[in-house]
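Open the model in your viewer and keep the selection tool ready. This tour goes stop by stop, with what to select and what is there.

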Amino acid sequence: MCPFDLTLCLHHLTDPGASAQCAKKSSCSCTFSNGSWIDLQALGYKDGTARFPDTPASGETFLYSYNPCYPFSIVGADNCKDVAMCQTGQAGQTAYYDLGDQNSAKFIENAGKLAIQYAGVTGGITRTSTVNLVCGQGETTFIAFGEDQEQPTFYNFELKSPECCAKAGSSGLSAGTILCIIFLCLVSVYLIGGVLYLKFVKHEEGVNLIPNGEFWMELPALIKDGFLFAISPCRKNSAYSEI
């Protein structure tokens, strides 16, 4: 793939989160197969409250509260103690539903995107919430889409933040390896493109198909001359005029 397509090569080198397969490390962090990783700890509140409280969903009368990484509780709501996601009624309503805790968190691929999925039980009914993670610059946003019309008790959300972008990990490709791969990609493009140009535009044949053939044939002699020059002793002019 890489030696023949420079664009595709560079895309995979600069986008470590291109794949949505990510192995769970904790309730809010995971690692991709290439060593890059995502960690949402910076987004969660540690004081037992929700980072994103009472978020409305269009067309619903319920509100949704969410806190990545750390559990939170809603005062007076037995169903929403130490949860990651909770569904509550609007003003005047007392309904509370557990939509999942941190222990239930798992990283999944949802419509080609990385997502965290939680599960909670209220009244014997299991409810599942899925938070799509979107890499984005600027302010962190949380959107509640609410209950899935085709799958009752399934709820969809979106978390967009710089923290949702994959970071290069130490277990991934080293800088030297990346430079070598880029170099090989460039050499491949140079050779293949040069041969095709000389073949179909210049109508060359044989050794003349080698791009800059004369330079490459002279290169060994140039290297030899440079080496001999480098190791030859410097001679100073010892002749002086007599007074």
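Start by selecting Tyr-66. At 0% relative accessibility, Tyr-66 is buried (under 20% relative accessible area; over 50% is exposed, in between is partly exposed; 1.4 Å probe, protein chains only). This is a predicted model, where local features need pLDDT of at least 70, side-chain atom pairs count only at pLDDT 80 or more, and totals for chains, interfaces and linings use all residues. Residues are numbered from 1 along each chain as its sequence is written, and side-chain values use heavy atoms, with hydrogens and water left out.

**Stop 1: the rings**

Searching the whole structure gives nine aromatic pairs. Rings of Phe, Tyr and Trp (its six-membered ring) pair if their centres lie within 6.5 Å; planes under 30 degrees apart are stacked, over 60 edge-to-face, the rest tilted. Phe-52 sits in strand 4 (residues 52–56) and Tyr-66 in strand 5 (residues 62–66), so the pair ties together parts 14 residues apart in sequence. Helices (H or I, at least four residues) and strands (E, at least two) are DSSP runs, numbered from the N terminus. Phe-52 is buried too, at 9% relative accessible area.

Now select Tyr-64 and Phe-157. This pair is edge-to-face, 5.3 Å centre to centre with 70 degrees between the planes. Tyr-64 belongs to strand 5 and Phe-157 to strand 12 (residues 154–161), so the pair bridges parts 93 residues apart in sequence. Tyr-64 is buried at 0%, and Phe-157 at 1%.

**Stop 2: the nonpolar core**

Which residues have the most contacts inside the largest nonpolar core? Select Leu-40, Tyr-66, Leu-133, Phe-157 and Leu-159; the core has 29 residues. Strand 5, strand 9 (113–122), strand 10 (125–135), strand 11 (141–147) and strand 12 each supply at least two of its residues. Such a core is a set of buried Ala, Val, Leu, Ile, Met, Phe, Trp, Tyr and Cys residues joined through side-chain atoms within 4.5 Å.

A second, separate core of six residues includes Phe-72, Ala-77, Cys-80 and Cys-86.

**Stop 3: strand 6**

Select residues 85–89. Five of the five residues of strand 6 are buried, so the strand is largely enclosed by the rest of the structure. Met-85, Gln-87 and Gly-89 point one way, Cys-86 and Thr-88 the other.

Show the neighbouring strands. Strands pair if DSSP finds at least two bridges between them. Five bridges join strand 5 to strand 6, running antiparallel, with Leu-63 opposite Thr-88. Strand 7 (residues 96–98) also pairs with strand 6 in the antiparallel sense, over three bridges. There, Cys-86 stands opposite Asp-98.

**Stop 4: helix 2**

Finish with residues 175–200. What do the end C-alpha atoms of helix 2 show? They are 37 Å apart, which agrees with the 38 Å that 26 residues should span at 1.5 Å a residue (1.5 Å times one less than the number of residues). Pick out Cys-185, Ser-188, Gly-194 and Leu-198: these are buried.
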